[in-house]
Amino acid sequence: MSAGWYLRRLSRMGPREVGGRVGDAVRRRRWRSVRPHGPSVTGAHFTAVLPAGTIAAVAPDAAKRLIAEADRLMAGHVEYFGVVRDDLADPDWWYDPKTGRRAPWGYAFDVPYRNEDAVGDIKQIWELSRHQYLTVLAAAYAITGDERYAERVAAHLRSWWAGNAPLRGVHWVSGIELGIRLLSWVWIRRLLDGWPGVAALFEGNPVALGQIWHHQRWLAAFPSRGSSANNHVIAEAAGQFAAACAFGWFPDSARWRADALRSLERQLRGNTFGSGLNRELASEYHGLVLELGLAAVAEADAAGVPVPATVRLVLLRMTDALAAVVDNRLRPPRQGDSDDGYGLVVDGAGTDRWGSLLATGDAVFGRLGWWPAVTGTDVRTPLLAALIRPYAKDGTGPAVSRPVSRPAHFADAGMTILRGPAENTEIWCRCDGGPHGFLSIAAHAHADALSVEVRHDGVDVLADPGTFCYHGQPEWRQYFRSTLGHNTLQLDGGDQSVSGGPFLWTRHARTRVLVADTSATGGTARWCAEHDGYEPSAHRRQVELTAASRELRIVDEVRGPRRAVRLAFHLGPAITADLVGNRARLTWTRGGEDRSAALDLPEELNWCAHRGESDPPLGWYSPGFGRKEPATVLIGTGFTAGTQGFTTVLGFHG
């Protein structure tokens, strides 16, 4: 990174964080020459096993999907972030198949992991070594008893341990990677418990013991700090806590366990609004944090370690919030960054992540009457539910007030959901009036103030384009997090908030919600908010959803001097647009049925359709990290004039 980036990053830190990072730097220099082997361990036993009958509770269709996935992995096939690999039978742990580069060997903290030219795509390299594909193979063994799966897991763990000595190479750089890897190892040990060779692989293996000890020592020494204490610190604490509970074989295990639990409790509260939404305002990280929290509580209950009531309360509120914001197809908003990160993977392809989380929430906390129905099945829910003590429903636990009806406005997070009434053809609209991300750097925020996201029966009509990438492709990273890359209004060609780097914002637009009437008084739900990101101008947006006429009306007002304006509406990849003048006819197919809508755009602007352009990027949709596909975006250009308003009307047919 440039010297300018380091200065901008330093400017977002407080004195305590600066002091902690100085201490980290001193410790890294000291660890370069002092690498202890760890304590000797004798008589270790693994006791955090699944209760009898747990595997029998897995639904047959979920087991079938899992085994099909495990067999693909056994054949060497896997796809990460849009890149297909066929080398999984005997992987190179440091190889990036996307660029063909191999990460350099050396002291971990010398590896320039942000430099794609030197290392390769770091996400591609790290993902395999989270060992979540090994938890899938271990789960396949637990269900089938087929030792081929267990033997492959053992071979890969031994290979990884041999090729990644403590503090050597790229896999010892990032705490989130160590934390998630530890959690995977705990579940691998648990799921392989019936295999005769499992004790020799783990507690009877000095190399494994050394790796587990060094991972926990690293996490205790280098926690994410201050402005970086987002989902990373929760993954670090959850992995550290899980390992200290399940692998509590070391002299420091009790201290690590206590410290990690304190951190987990503090950071779960700090990372979560009182409403239950994640403070990063990035929906996929809400899912990641919820998965990590549930996995940590499972380890606590399995080990008989008391957990503060606030931990379960935060997870309960997160689950209720998730149930509240999903659409009728159980899809959450596509807000902020997403990198396809999971806390615990034991399911096959085709398993609905969000339905799985709600199913686990039902098993642990109990569903409320307004929750959407979950019809799918998964492997993870019965495994977690077998370990987690059900939330007290007999009055013996802490008094908790849960929503009696489905929340639609989350004032602290600035998120409002407007809905049409019909279940089969629900109109779902997310309005963004929240803060610009979390902490001083807002690492996973996008410049998307006042943006809207609209779906019809779960189909993206006005879409949030997504994330696509983090490192190595700065022009694409800039586009997908830009104001122009969202369904909102841009002034003078700039973003509402000022970026200082791929995970750094140096100026944050401030947004306030003025109206949030989601009760559809008079048949119309209303929302209005404004932001100050373009001072001295102010952008105010009003959104109205009228259920009877199936019409969404958006009015944008800009107060201030005359300025150049671009108003963007990004269409989902399934939508075909026929733009004539300032009217676009939208068509798509859902379940074999043709659907359509009319989008009447402000006549004060000149409208043009863009699709799949690369210089500069414009007209793209990212269905997942590392993947993008062309999608139409309608851009209106012109000028503001005092309090002039721009009115857009989206009307659905049928």
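**View 1. The span of helix 6 in the predicted model.** Helix 6 covers residues 132-144, and at 1.5 Å a residue its 13 residues should span 18 Å, which agrees with the 19 Å between its end C-alpha atoms. The expected span is 1.5 Å times one less than the number of residues, while helices (H or I, at least four residues) and strands (E, at least two) are DSSP runs numbered from the N terminus. This is a predicted model, in which local features need pLDDT of at least 70, side-chain atom pairs count only at pLDDT 80 or more, and totals for chains, interfaces and linings use all residues. Residues are numbered from 1 along each chain as its sequence is written, and side-chain values use heavy atoms, with hydrogens and water left out.

**View 2. The cover of helix 6.** Ten of the 13 residues of helix 6 are buried, where buried means under 20% relative accessible area, exposed over 50% and partly exposed in between (1.4 Å probe, protein chains only). Among the buried residues are Q132, Y133, L134 and Y141. Their cover includes helix 3 (60-74), strand 1 (78-80), helix 5 (122-128), helix 7 (147-163) and helix 8 (175-191).

**View 3. The residue after helix 6.** Just after helix 6, G145 takes a positive phi of about 75°.

View 4. The secondary structure of the protein comes to 17 helices and 25 strands. Buried residues make up 58% of the 654 residues in the protein, and its C-alpha atoms fill a box of roughly 75 × 55 × 50 Å, taken along the principal axes.

Methods
Contact = heavy atoms within 4.5 Å.
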